[in-house]
Amino acid sequence: MVDFARVQKELQECSRDIERSGIKVVPKSDANLACLLGTIPGPIGTPYEGGTFQIDISLPDAYPFEPPKMQFTTKVWHPNISSQSGAICLDILKDQWSPALTLKTALLSVQALLSAPQPDDPQDAVVAQQYLRDYQTFVGTARYWTESFAKSSSIGIDEKVKRLVEMGFPEGRARSALETVGGDENLALETLCSG
Amino acid sequence: MKVKILLFWWHAVAAWTWDAQDETCGICRMAFDGCCPDCKLPGDDCPLIWGACNHAFHLHCILKWVNSQTSQAHCPMCRREWQFKG
Ligand SMILES: [Zn+2]
Ligand SMILES: [Zn+2]
Ligand SMILES: [Zn+2]
C-alpha cells in the first residue's frame with residue numbers, strides 16, 4: 001500500500017517550492033495518487049534549455065521503500081534516456097534509491113542527468129555513440145528535439161520545413177538542415193544556401 | 001549511471017531531542033513527536049531508534065526499510081551501512 005499521507009505531503013512541499021525549483025508534480029486524477037505527472041525545465045546552458053519536459057510517474061505499492069517509476073513522455077535526445085520509450089537510466093531510480101529521497105529530489109536528479117550525460121552507461125546506444133563520436137551533431141540533434149517536442153511552439157517545425165520547401169529546397173535537406181542547427185530557420189537557410 | 005545526489009538535511013545530527021517539535025522522520029516525513037503511518041496514536045509503542053551513524057527514524061519505518069532490502073541495508077539519509085546504535 002502506497003504511503004499516501006507522505007505523497008500528499010510531498011505534493012504540498014513541491015508546489016510551495018515551484019517558483020524556485022521549476023519542478024512540478026501533479027496527480028493525473030484526484031482519484032489515484034499513484035499516477036502522477038512531473039514537469040522539469042531543461043537546464044540552462046544545455047541543448048535542453050528552453051524546453052519543458054514531462055515525465056510520467058507511477059508509484060509502486062511499496063513506495064517509498066521502492067523507487068517511483070519514471071519515464072519521459074516528452075521525446076528527448078540524450079545518451080541515458082531512450083529516444084524510443086523515454087526510459088531513464090539513473091541509479092537512484094534503481095538500486096541506489098533511498099526512502100529519504102522524494103519525487104522532487106528524484107526529478108532534480110533527472111534534471112541533473114540532462115546537464116551531465118554519462119555515455120559510458122547508456123540507455124540509448126545510438127545516441128551515446130553519436131555523443132562520443134560526433135559531439136557537435138549530438139548537440140544539434142538534441143537541440144532540434146528540444147525545439148520540436150519540448151516547446152509549446154514545437155508545432156512550428158513543420159511550418160519552417162514547409163517555408164524552406166517553398167523557397168525551393170528539397171524537404172529532406174530542409175529538415176536535416178534545421179536539425180543540424182537546432183531548429184533555427186535563418187541558420188538553416190544559410191546552411192542550405194552555402195551547401 | 002551515477003549522479004551526485006544532494007541529500008537535503010532537515011536537522012542537525014547533534015541536536016536531536018525527544019521534545020523537538022519540528023523534527024521529522026526521513027522515511028515517512030511525520031514528526032518525531034507523532035508516530036509512523038502504521039500506528040494510530042503517538043506514544044511509546046512507536047519509538048525512535050538511532051543508527052550508528054546518528055540518524056534517527058521511527059523504529060517501524062527503519063525496520064520496513066531494512067526488511068525490504070535483500071542485501072545489507074544502508075542508512076536512508078547518509079548511505080552508510082545501517083547498524084542499530086548499541
Ligand atoms: Zn517514520
Ligand atoms: Zn509506528
Ligand atoms: Zn545515517
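pLDDT is the predictor's confidence in each residue, from 0 to 100.

**Entry 1: confidence.** I noted at the outset that this is a predicted model. I looked up chain A and found a mean pLDDT of 91, with 97% of its residues at 70 or more. I then asked where in chain A the confidence is lowest and where it is highest. The lowest mean, 82, belongs to helix H6 (residues 156–166) of chain A, and the highest, 98, to strand E4 (residues 69–72) of chain A.

**Entry 2: the zinc site.** I turned to ligand 2, a zinc ion, and listed its protein donors: SG of Cys36(B), Cys39(B) and Cys46(B), and ND1 of His60(B). These atoms lie 1.9 to 2.4 Å from the ion. Along the chain, the donors follow the spacing C-x2-C-x6-C-x13-H. I recorded that Cys36(B) and His60(B) link distant parts of the chain, 24 residues apart. Cys36(B) sits in the segment before strand E1 (48–50) of chain B, whereas His60(B) sits in helix H1 (residues 59–68) of chain B.

Entry 3: His60(B) counts as partly exposed, because its relative accessibility is 26%, and the buried class requires under 20%.

**Entry 4: chains A and B.** I found 26 residues of chain A and 20 residues of chain B in the contact. About 2,000 Å² is buried between the two chains, and carbon and sulfur atoms give 64% of that area. I counted 1 salt bridge between chain A and chain B. A salt bridge joins the side chains of Glu13(A) and Arg29(B), at 3.5 Å from N to O.

Conventions: Residues numbered from 1 in each chain as written. Chains lettered and ligands numbered in written order. Predicted model: local features only at pLDDT ≥ 70, side-chain atom pairs only at ≥ 80, totals over all residues. Heavy atoms only, no water. Helix = DSSP H or I, 4+ residues; strand = E, 2+ residues; numbered from the N terminus. Donors = N, O, S within 2.8 Å, 3.2 Å for Na, K, Ca; no water. Buried < 20%, exposed > 50% of the residue type's maximum accessible area, 1.4 Å probe, protein only. Contact = heavy atoms within 4.5 Å. Buried area = accessible area lost by both parts, 1.4 Å probe. Salt bridge = Lys/Arg side-chain N within 4 Å of Asp/Glu carboxyl O.
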